[in-house]
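Please open the structure in the viewer and keep the selection tool at hand.

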Amino acid sequence: MKTLSTRHLLGIKYLQPEDIHLIFETAEQFKEVINRPIKKVPSLRDVTIANLFFENSTRTRISFELAEKRLSADVVNFSAASSSVKKGETLLDTVNNILSMKVDMVVMRHPAPGAPIFLSKKIPANIINAGDGTHEHPTQALLDAFSMREKLGDLTGKKICIFGDVLHSRVALSNIFCLQKLGAQVAVCGPPTLLPKYINELGVKVFFDVRKALKWCDVANVLRIQLERQDIKYFPSIREYSQYFGINKQMLDELDKEIVIMHPGPINRGVEMTSDVADSEHSIILQQVENGVAIRMAVLYLLARKRV
Ligand code: CP
């Protein structure tokens, strides 16, 4: 029986290409399950999972909870906003208290880069990173690559461009690692202030012109401007950003080829892309969300087999 090379999912950086292919193969089977009239299997009925969200989330949180319930796990949800974190409790104390209640796996979103890595060294549960600050969002990258693969087949040599606020994005870094491990060519496009200074050292192509980048790529994965992480002004105004770096339908109509439009959500309609792009026949944004449940079922199922 094939297994993952790791007992935690802390980042795509720590996965082997074989791990990614195994997650995809398993997700294909779970996708079939969640399209049945009875969408549930008993695979994790002896497993208790805590979803610890120290930062806001809609898609990732609901998707993990659905994935856990479809696998018949027992689930507890924790939200920092309504917890004793507000009374000054440390991350480690919070998690150790939850683990005392016999929790096997922890899904964690946290604003601090490296928080899941820190926890994985301190506690025996399997840790799944659901997004840590500007570092990584591994299940997002897995569901993105899985969705691209469904649309385009093998990603070897395929051209994927990540547009927008790469500097503050955990989705960008996880996507770059994942797509490169799958043999794709990766580019980034955005204003120079929103691209990390040494991004080319990751082996990605850099564009500052949206039309040129769209002409180059098979897939445009468009990111949200993360105003909540921007401590200074990186561009003069939202209006100017959308004028120079937003994607509109006219740009797609000018292309003499097929293109796939993706977005991890939440979308700022009219900023990074217009509504007619988000809702166009090119867009697979809602398929990404659907695939998220199957990918998270696969990750949970495979990691549960690596419990100590
Ligand atoms: N894509 C993503 O992580 O969305 P949420 O912040 O809503 O979970």
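Begin by selecting cysteine 178, which counts as buried because its relative accessibility is 1%; buried means under 20% relative accessible area, exposed over 50%, and partly exposed in between, with a 1.4 Å probe and protein chains only. This is a predicted model, in which local features need pLDDT of at least 70 and side-chain atom pairs count only at pLDDT 80 or more, while totals for chains, interfaces and linings use all residues. Residues are numbered from 1 along each chain as its sequence is written, and side-chain values use heavy atoms, with hydrogens and water left out.

How many disulfides does the structure hold? The number is zero, a disulfide being a pair of cysteine sulfur atoms within 2.5 Å.

Now display the strands (DSSP runs of E, at least two residues, numbered from the N terminus, as are helices, runs of H or I of at least four). Four of them form an open sheet with parallel pairing, in the order β2-β1-β3-β4; two strands pair if DSSP finds at least two bridges between them. β2 (74-79) and β4 (126-132) stand at the edges with a single partner strand each, so one side of each has no neighbour in the sheet. From one strand to the next, the twist averages 15°.

Within the sheet, select β1 (residues 48-53) and β3 (residues 105-110), which pair in the parallel sense over five bridges. Isoleucine 49 stands opposite methionine 105 in β3.

Proceed to glutamine 226, in the loop between β8 (219-222) and α8 (238-245). This glutamine 226 is buried, with a relative accessible area of 9%. Apart from neighbours within four places in sequence, glutamine 226 is in contact (heavy atoms within 4.5 Å) with Asp165, His168 and Ser169.

Finally, select the ligand. A polar side-chain atom of arginine 109 lies 2.9 Å from a ligand oxygen atom. A backbone N or O atom of proline 264 lies 2.8 Å from a nitrogen atom of the ligand.

Notes. Axes fitted to C-alpha atoms, helices over the stretch in contact; angles between N-to-C directions. Polar contact = N/O pair within 3.5 Å; in protein donor to acceptor, adjacent residues only side chain to side chain.
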